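My entries follow in the order I made them.

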Amino acid sequence: MKKKRIIPLVLFRDGYVIQARNFGNHKRLGLLGPTLTRLEEWGADEIILVNISPGSPDAMTQLGRTDTADEYQYDFYSAVKQHAGRSSVPLTVGGGILEFKQAARFFEIGADKVLINTGFHLDKNLVPHLSKEFGNQAVVLGLDYVEIDGRREVFSHLGKVPTGRTVSEVAQNAEEYGVGEFFLNSIKRDGTKQGLDLEVVNDVHALRTPLIICGGVGEAKQISEALEVDRVDGVAAANYFQHIENSVQLARKSALSAGILVRRVM
Amino acid sequence: MKIGIIDYGSGNIGSVRNALHLLGHDALLSNVFAELKSCSHLILPGVGSFSGAKQKLEMVLEDSQVAELAENSKAFLGICVGMQILCDSGNENGVTPGYGFFTGQVNPIPGADILPHMGWNNLDRIDVASPLLKGITEEDDFYFVHSYCLVGSRDSQVISSATYGTNFPAVVQNENVYGVQFHPEKSSAAGRKLLENFLEI
């Protein structure tokens, strides 16, 4: 039987993994290499890695450290290149992918899927082009939204620009173009530990694309409650998997005790 | 042993090569028939559409060359769409002929509401006699990403199946030619085990 997925979301900014709250309040946590290695060792089902560095996606960062085996100066692309070769679970990469050729570069170095967010709103040909060339399954539609009185409005540009469109409108549009997954992220709940927005499934219940939800995880129980929802295929979380020891295992244990089918990892 | 990965512009050959590298093996990435012919073990990756992959492969290898590579290798493995194009035909935008190693057509997964079939799933009805599945059990999950599957398969060629919407062939074998619908290079420990088994054939 198909299993539900536990998915760490790793946020990369200027050379470091960071944590966030309501998409702001960024605090540095550590280096990317050790973070990804740890998450994979903990048994992550897959990893979503998003570059939220301001400025050019190719910007280099001088970490100014001599205590690590990682290069002391690198950009997101190089960071992905370093890690992708060591990963044996699927890796989705995103953040500032606005053009076809940017996505193509990431596929070349080993990314399995690309996450398209702002790019979807800026160029309506981007997703169809990517889906045609790499297949629907390689394109994940990322939607960050703010929910007010049951209406979920999609924001682009890292939660800064309201698009005027709702989650259900954009998701439907994307499904028509061809995407492999929806990755829906609640800006209000981000970093708050108050739990995930389970009602968001209502906005996509008539659609056929697999759904990953994110935003607000503070404990394992919230992850398993979300995985119990039929329409939810995977749960992603950022801070939770960075701050709590063995959190992937805890989430897995919680899901298994609730009778939810997830992968058993030794 | 010499391992070759057919580089024809479809499928993340980098991931396959990296997976083999993690197992301690180097692989040749090539689309040149003469080079691939010298390999004992060949892997045909593939993603996207059946017709797209078939078209791309036809640009670098003749049908007869694909047949020769498959028949003369110690073991030949098609992954995902790579497996699909080894079947009789694919029905996506009209009918596209495949290479005919596995009986059946590649159709949209019957009975699946949510597509693609994306994520971890386990195998069932594992043919323990097959060298490819040595040590693999129903507890092992593999990563699937597909919206189409083989239907109308020949029982003797199906060495394992999986369930999503319907029960469909997950691993097929025709003598030394194998196909897996999932991605062993992205299936963690279970995937590594399968790749190791493949290399031991």
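**Entry 1: the interface**

I began with the interface: chain A and chain B bury about 2400 Å² between them, and carbon and sulfur atoms give 51% of that area. I note here that the model is predicted. I then asked which residues of chain A lose the most area to chain B. They are A:K2, A:S88 and A:R208, and together they make up 25% of what that side buries.

Next I looked up the contacts. On the chain A side 33 residues are in contact, and on the chain B side 29. The number of residue pairs in polar contact between chain A and chain B is 19, counting pairs with both residues at pLDDT 80 or more. I also sorted the residues of chain A that touch chain B: 15 are charged, 10 are nonpolar and eight are polar.

How many salt bridges lie between chain A and chain B? I found three. I looked at one pair by name: the side chains of A:K3 and B:D141 form a salt bridge, with N to O at 2.7 Å.

**Entry 2: salt bridges over all chains**

I widened the search to the whole structure. The total over all chains is 21 salt bridges.

**Entry 3: the seven-stranded sheet of chain B**

I turned to the sheets of chain B. One is an open sheet of seven strands with mixed pairing, and I read its order as β2-β1-β3-β4-β13-β12-β11. Why is one side of β2 and of β11 in chain B left without a neighbour in the sheet? These strands, β2 (27–30) and β11 (158–164), stand at the edges and each has a single partner strand, so one side of each stays without a neighbour. On average, neighbouring strands of this sheet are turned by 25° against each other, direction ignored.

Within it, B:I5 has B:L29 of β2(B) as its bridge partner.

**Entry 4: the four-stranded sheet of chain B**

Chain B also has an open sheet of four strands, in the order β6-β5-β7-β10 with mixed pairing. β6 and β10 (148–151) of chain B are its edge strands, and each pairs on one side only.

I then checked the partners of β5. Strand β5 (residues 87–92) of chain B pairs in the parallel sense with strand β7 (residues 102–108) of chain B, over three bridges. With strand β6 (residues 94–97) of chain B, β5(B) runs antiparallel, joined by four bridges. The hairpin from β5(B) to β6(B) passes through one residue.

Which residues stand opposite B:G90 in the two partner strands? In β7(B) the residue is B:V106, and in β6(B) the bridge partner is B:T96. I also noted B:S89, which stands opposite B:Q105 in β7(B).

I looked for a helix on this sheet. Helix α3 (residues 50–60) of chain B lies across β5, β6 and β7 of chain B, and runs at about 35° to β6(B).

**Entry 5: backbone details**

B:L115 and B:P116 are joined by a cis peptide bond, with omega about 0°. I placed B:P116 in the loop between β7 and β8 (117–122) of chain B.

A:D14 has a positive phi near 50°, in a residue other than glycine. A:D14 lies in the loop between β1 and β2 (16–21) of chain A.

Further on, β2(A) pairs antiparallel with strand β3 (residues 24–30) of chain A over four bridges. There A:V17 stands opposite A:G30 in β3(A). The hairpin of β2(A) and β3(A) has two residues between the strands, and A:N22 in this hairpin takes a positive phi near 50°.

Methods
Residues are numbered from 1 along each chain as its sequence is written. Chains are lettered from A and ligands numbered from 1 in the order in which they are written. This is a predicted model: local features need pLDDT of at least 70, side-chain atom pairs count only at pLDDT 80 or more; totals for chains, interfaces and linings use all residues. Side-chain values use heavy atoms; hydrogens and water are left out. Two strands pair if DSSP finds at least two bridges between them. Axes are lines fitted to C-alpha atoms, for helices over the stretch in contact, and angles run from 0 to 180 degrees between N-to-C directions. Contact means heavy atoms within 4.5 Å. Buried area is the accessible area (1.4 Å probe) that two parts lose on being put together, summed over both. A salt bridge is a side-chain nitrogen of Lys or Arg within 4 Å of a carboxyl oxygen of Asp or Glu. A polar contact is a pair of N or O atoms within 3.5 Å; within protein, one must be able to donate a hydrogen and the other to accept it, and residues adjacent in sequence count only if both atoms are side-chain atoms. Ala, Val, Leu, Ile, Met, Phe, Trp, Tyr, Cys and Pro count as nonpolar, Asp, Glu, Lys and Arg as charged, and the others, Gly among them, as polar.
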